[in-house]
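Me: I'd like to learn how to read a model like this one. Can we go through it together?

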Amino acid sequence: MSDLASGQAAQTAFRVLVVDDDPDMAGFLARLLVQQGLQADTAADGPAALARIAVLQPDLVLMDVQMPGPSGFDICRRLKSQEATALLPVVLVTALEDHESRVRGIEAGADDFLSKPVRREELIARVKTLRRLHEIRKELEGRRLAAEVQRKDEIRKAFARYISPRLAERVLRESRGSEEVFRNLSNRAAVVALFADLRGFTRLSETVPVSSIVPMLNEYFTELTSAAHDNEGTVFSMAGDSMLVGFNVPVPQADATGRAVATARAMIQRFAPVAARWRAEHGLATGIGVGIEAGEVVVGNVGAPSFMSYTIIGDPVNVAARLMQRAEPNEIVIGPGAERLDLHDRLRALPGHGRGNGRARRNGGTAAGRWHAEGAAGDSRERVTLERPGIGAGAFSCRADNGATAQHAGTVAGDR
Amino acid sequence: MSDQPIPVTVAKDLEDLIPTFMKNRHKELETLRAALAAGDMEQLRQLGHRMKGVGNSYGFELVSVLGKKVEDGAKATDRAALEAGIAEYTDYLARVKIVYE
């Protein structure tokens with residue numbers, strides 16, 4: 001067995017494409033390579049070489065410089081500029097005294113040169129060296145890819161508790177340097193915060209067996225988490241019976257407010273059958289209160305070295321919590337920060353609007369400036385309250401029970 | 001010119017390639033003559049360059065030497081040098097005797 005083939009028998013043969021318009025030279029080089037236990041193919045010009053490279057995926061290209069049509073320099077440059085072939089070693093075959101060609105070859109990205117007339121020993125030595133380098137490069141590339149897969153897998157696992165698998169996959173797939181999205185865990189960001197909690201559960205928990213409480217809470221959180229993940233929200237915390245979900249974090253979401261409202265509605269709707277069953281079984285009513293607010297927060301990994309939690313901190317989170325506390329069962333209270341965004345669209349999305357079974361009203365007295373829109377969806381009734389000192393001009397319209405449309409086009413005095 | 005054979009030693013493992021190689025050299029000679037008759041210096045230069053590269057690779061040193069003469073003659077548009085080189089090539093191909101080792 002030859003020098004080059006020894007010890008490689010178990011591996012796939014190293015494949016070399018010889019590109020030369022002189023069939024005698026191409027045949028000569030191919031013969032020497034085959035004698036060394038390598039696999040050799042030939043191409044008579046540049047275009048043929050590119051076609052064969054795409055199909056054969058050789059490990060090395062030996063190419064004449066002067067050919068009809070595109071020169072060896074042109075083909076080399078093209079190979080080096082394309083991602084799929086950038087690492088494919090190219091040896092240009094040039095006359096020994098042709099220094100100009102060598103300089104042009106280097107500029108074109110050639111990995112090495114072989115002198116014409118070709119000496120057998122030189123060819124073998126060059127190919128041997130390049131084969132070793134190519135194999136090391138391939139091994140390193142393999143390790144790099146394996147490390148990247150492992151790193152992404154770790155990120156996916158680490159964040160699976162916060163974000164939906166679908167969002168994690170999208171971030172990992174689409175974001176260049178996606179790990180930075182997760183690793184840069186201390187930054188300021190504009191987010192939409194959603195707080196939700198379970199109304200009536202405290203009383204319910206006093207009447208059901210202790211062994212049932214945790215499964216019931218798990219059932220409740222399962223529905224809420226699914227609603228959050230369906231809308232690509234990030235679940236930041238669950239404490240007691242409340243849950244904090246963020247949008248526009250860790251990756252930007254142009255429709256973050258819409259996602260938050262959709263999530264809140266989905267939470268109410270998904271929980272409705274569970275609440276109906278609990279009511280039938282235990283005789284007590286439960287519901288979900290939701291508060292939504294938008295604004296700038298600090299996003300970070302907070303905690304002790306032994307226990308850290310990815311979370312959002314800031315006034316919008318506190319406001320969302322307070323709005324949640326003010327919400328009645330199955331009411332979504334939207335704060336002034338979130339209201340600034342696409343108010344009309346959110347109102348239009350309410351279940352009652354446009355279907356004649358909802359109603360919109362403007363509260364008087366201390367609730368002046370709060371607009372409610374109520375609607376029915378399946379077994380659930382939900383109400384959305386837009387809470388804002390001044391709603392502003394040209395804001396929204398809602399259809400009332402009798403089919404009349406309630407228009408608002410002025411500034412509403414706030415109740416805060 | 002002498003009638004003595006010009007011995008050329010070629011590696012045994014290239015023996016099966018040599019008949020085609022020699023056939024191509026004779027074709028090349030015809031093409032060189034036609035190009036010279038047409039005054040096509042660019043074609044002569046290319047042919048000379050190719051001879052220079054392939055000749056010695058197979059062990060035919062004089063093919064490379066004559067290739068360089070043709071290439072240089074074409075670059076300089078030196079008809080006399082080209083005619084001499086082609087004549088020498090004609091004589092060489094007539095007398096070359098290949099020995100395989």
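Me: How much area do chain A and chain B bury between them?
Reply: Buried area is what two parts lose in accessible area on being put together. In this predicted model, chain A and chain B bury about 1500 Å², with 45% of that on carbon and sulfur atoms. On chain A's side, D24(A), F28(A) and R31(A) supply 36% of the area buried against chain B, more than any other three residues.

Me: And how many residues does each chain bring to the contact?
Reply: Chain A gives 15 residues and chain B gives 19.

Me: How many salt bridges are there between chain A and chain B?
Reply: Look for a Lys or Arg side-chain nitrogen within 4 Å of an Asp or Glu carboxyl oxygen. Between these two chains the count is 4. R31(A) makes a salt bridge with D16(B), where the closest N and O atoms are 2.7 Å apart.

Me: Now inside chain B: how do the axes of helix α1 and helix α2 cross?
Reply: Check the angle between axes; over 145 degrees counts as roughly antiparallel. Here α1 (residues 18-38) and α2 (residues 41-58) of chain B have axes that come within 10 Å and cross at roughly 160°, so α1(B) and α2(B) are roughly antiparallel to each other. The crossing of α1(B) past α2(B) is left-handed.

Me: Which residues make that contact?
Reply: From α1(B), they include F21(B), R25(B), L32(B) and L36(B). From α2(B), L44(B), L47(B), M51(B) and Y58(B) are among them. Sorted by class, the contact of α1(B) with α2(B) has 10 nonpolar, 2 polar and 3 charged residues.

Key. Residues numbered from 1 in each chain as written. Chains lettered and ligands numbered in written order. Predicted model: local features only at pLDDT ≥ 70, side-chain atom pairs only at ≥ 80, totals over all residues. Heavy atoms only, no water. Axes fitted to C-alpha atoms, helices over the stretch in contact; angles between N-to-C directions. Helix = DSSP H or I, 4+ residues; strand = E, 2+ residues; numbered from the N terminus. Parallel < 35°, antiparallel > 145°, perpendicular 65-115°, else oblique. Left-handed = near helix turned anticlockwise from the far one by under 90°. Contact = heavy atoms within 4.5 Å. Nonpolar A, V, L, I, M, F, W, Y, C, P; charged D, E, K, R; others polar. Buried area = accessible area lost by both parts, 1.4 Å probe.
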